[in-house]
2 protein chains.
Amino acid sequence: VSELRRDPVTGRTVIVAPERAGAIAWARISSSPRDPAARDRCPFCDGHEDWAGRELLAWRPHGLPNGPGWQVRVVANRLPALRVESQFAALPGGLLESLGGLGAHEVVIDTPDHDATIGRSSADAVARMLWAWRERMRDLRRDLRMKSFLVVKNVGVLAGATEPHPHSQLVALPFVPIHQDDEVVGAGAYFRRTGRCVFCDVMAEEISADTRVIGHDDSTMAFNPFASRVPFETWVTTRVHHAAFEDLTDHDLHVVAVRLQDVMARLEAALADPASTLLLHSAPVGIDEPASYHWHIEIIPRLGPVPGLAWDGGIHINTVPPEKAAEALRQVIGGEAVGAARI
Amino acid sequence: VSELRRDPVTGRTVIVAPERAGAIAWARISSSPRDPAARDRCPFCDGHEDWAGRELLAWRPHGLPNGPGWQVRVVANRLPALRVESQFAALPGGLLESLGGLGAHEVVIDTPDHDATIGRSSADAVARMLWAWRERMRDLRRDLRMKSFLVVKNVGVLAGATEPHPHSQLVALPFVPIHQDDEVVGAGAYFRRTGRCVFCDVMAEEISADTRVIGHDDSTMAFNPFASRVPFETWVTTRVHHAAFEDLTDHDLHVVAVRLQDVMARLEAALADPASTLLLHSAPVGIDEPASYHWHIEIIPRLGPVPGLAWDGGIHINTVPPEKAAEALRQVIGGEAVGAARI
């Protein structure tokens with residue numbers, strides 16, 4: 001079983017989960033993206049429902065639970081780093097605090113299509129993935145011990161993906177991790193100073209400057225943030241203020257899906273199907289000032305290994321100014337790059 | 001020229017340095033570690049002093065500056081991300097704050113031996129590398145605009161190394177980056193509560209528990225920290241309290257070199273010459289409470305890509321408890337693994 005360990009200096013929490021070593025070794029054997037027989041062994045493909053495990057949620061127009069015919073499907077991680085059955089009580093240990101591995105660790109199988117990418121999917125298919133994230137977050141939020149959610153979608157080996165079939169991971173935590181707390185604290189301080197949401201103000205400033213915006217309308221916006229950490233870092237969110245992703249309506253999910261599909265098509269064309277990490281940031285449960293925080297998706301192209309200087313929240317040296325990235329991404333039309341993006 | 005950009009939410013600082021793109025492209029061409037002709041093209045090998053640039057410091061028993069015969073050599077980065085000639089004034093930009101790329105970005109050529117590793121070097125050679133770090137930090141500290149130093153030594157492509165020849169990078173910054181501030185703030189709070197250094201207390205607790213210590217004596221200690229983020233994360237520091245690395249004496253450097261060489265020999269044997277990142281953490285210049293902070297080296301084996309969940313200070317899932325890592329590393333004798341370490 002896993003445990004949560006607190007760093008005695010920074011308070012950073014690490015999940016120590018020895019049983020996950022088996023998951024990684026197993027994935028190394030099972031995942032060969034270039035192998036035509038890979039689908040026959042893929043635990044996430046249609047017809048292999050038993051391999052991925054009992055479903056927690058599915059979008060299935062026809063057919064029976066745990067059988068084929070689904071469009072999106074959520075299962076418990078076979079070797080979860082965290083479990084809802086665990087306790088979150090500190091074990092005695094002086095300075096070195098260990099807590100039970102309480103939480104949830106679920107796998108969202110985004111689509112039955114083994115080779116899909118967001119950029120080559122329909123907006124409806126992307127909306128179903130977002131729907132699955134939202135529904136699971138709404139369900140897990142009923143467990144009052146859960147304080148924050150992370151959704152991460154890794155594509156490609158450089159992003160640490162262990163299965164080629166499109167999937168995302170949903171993690172529920174009984175605490176707010178420090179990298180999210182940095183955002184919450186910064187946005188909270190801005191709100192107390194100005195009475196406004198810093199994300200809403202940044203979007204207004206970006207639209208006014210018009211040098212880092214990839215696309216926007218009254219509902220949604222995609223842009224390359226001013227302090228982009230890596231080449232072509234891209235954020236997507238709603239123009240209307242929502243602190244928590246799980247508060248979005250079905251209509252909101254649809255317009256976000258349209259924007260996300262468009263911007264991923266541009267990134268896939270400009271960067272030739274890059275490895276990438278997509279991170280969903282949503283307000284912690286019970287945040288003090290919901291008016292201060294604004295949910296958003298961060299898309300991180302993984303064009304190379306993380307250099308030592310940037311490791312674990314270090315200093316990023318970005319060689320492509322976001323203004324250049326936005327210029328290249330705006331020029332992609334219909335999923336085709338107009339001239340090659342240079343990185 | 002580069003600029004420092006502040007994230008408007010978290011205050012995280014990113015270096016935007018378009019000219020560095022050339023450095024990376026150039027390194028891709030020049031660095032082919034397996035190619036026997038690689039030394040002929042290596043800018044860091046003896047006899048190629050002109051290629052690496054004018055030296056800022058060298059340990060050279062015989063010979064002339066900028067010529068052969070050195071044991072360790074420091075040069076300015078050819079395409080620096082930061083420059084001492086820059087200004088650190090904010091450019092007008094409302095919410096989106098840009099600062100000139102002030103700082104220093106130097107390259108330490110750790111040894112003339114193209115194929116050296118720390119584990120296969122003499123303690124004297126390792127001490128010369130530490131000496132170069134310390135001397136450059138002492139010199140740069142005289143520039144009162146510099147507030148913190150980072151030293152990073154990347155080995156291998158997975159660590160983002162762009163040259164195979166052993167080298168380290170020294171970065172001086174006109175601010176304290178948030179990942180270092182997290183340490184300073186946490187250690188400061190502990191000091192105000194207890195009157196003691198948290199790092200000293202952790203070492204005492206580790207020696208008492210004796211499950212995560214690789215080796216220690218009255219001068220130095222190497223251990224796998226309780227909340228290790230990745231398999232075989234290893235810390236090395238002095239038992240005696242020193243806040244800043246640049247305050248170590250020549251004798252201190254020598255005993256640290258002996259410990260660092262020993263522990264790297266163990267890691268290299270147990271993990272079969274892993275890619276790795278070595279990070280030197282030293283107190284920011286002018287820290288409020290020097291009694292609260294304790295310099296240390298963090299060795300991060302880079303056994304795979306950084307998964308999306310852990311990217312940029314996210315959540316680490318570590319599959320090897322540090323107790324298992326320490327057990328494996330203690331069993332390595334004379335640089336040979338006794339049984340294979342399993343990760």
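Copies here are superposed by least squares on the C-alpha atoms of residues with pLDDT of at least 70 in both. Keep in mind that this is a predicted model.

Let's start with the symmetry. Chain B goes onto chain A by a rotation of 180°, with 0.0 Å of shift along the axis. The RMSD is 0.0 Å. The two copies are therefore related as by a two-fold rotation axis. Which residue of chain B comes closest to that axis? G313(B), with its C-alpha at 2.1 Å. And both copies use the same surface: 100% of the contact residues of chain B recur in chain A.

Now the interface itself. On chain B, 75 residues are in contact, and they meet 75 residues of chain A. Together the two chains bury about 6,300 Å². Carbon and sulfur atoms account for 69% of that area. Three residues deserve a look: V9(B), F226(B) and W311(B). They supply 13% of what chain B buries against chain A, more than any other three residues.

Next, the polar side. There are 24 residue pairs in polar contact across the interface, both residues at pLDDT 80 or more. Which element gives the largest share of chain B's side? Helix α5 of chain B, residues 178–194, with seven residues. By class, chain B's side has 41 nonpolar, 18 polar and 16 charged residues.

On to charges. Side chains of opposite charge can pair when their charged atoms come close. The structure holds 56 salt bridges over all chains. How many lie between chain B and chain A? Four. I'll show two of them.

One joins R229(B) to D312(A), with the closest N and O atoms 2.6 Å apart. This pair crosses between chains, loop to loop. R229(B) sits in the loop between β11 (220–223) and β12 (234–238) of chain B. D312(A) sits in the loop between β14 (296–301) and β15 of chain A.

The other joins E323(B) to R5(A). There the closest N and O atoms are 3.0 Å apart.

Last, the strands. Strand β15 of chain A, residues 316–318, pairs with strand β2 of chain B, residues 13–16. Parallel or antiparallel? Parallel, over three bridges.

Definitions and conventions: Residues numbered from 1 in each chain as written. Chains lettered and ligands numbered in written order. Heavy atoms only, no water. Contact = heavy atoms within 4.5 Å. Buried area = accessible area lost by both parts, 1.4 Å probe. Salt bridge = Lys/Arg side-chain N within 4 Å of Asp/Glu carboxyl O. Polar contact = N/O pair within 3.5 Å; in protein donor to acceptor, adjacent residues only side chain to side chain. Helix = DSSP H or I, 4+ residues; strand = E, 2+ residues; numbered from the N terminus. Nonpolar A, V, L, I, M, F, W, Y, C, P; charged D, E, K, R; others polar. Pairing = 2+ DSSP bridges.
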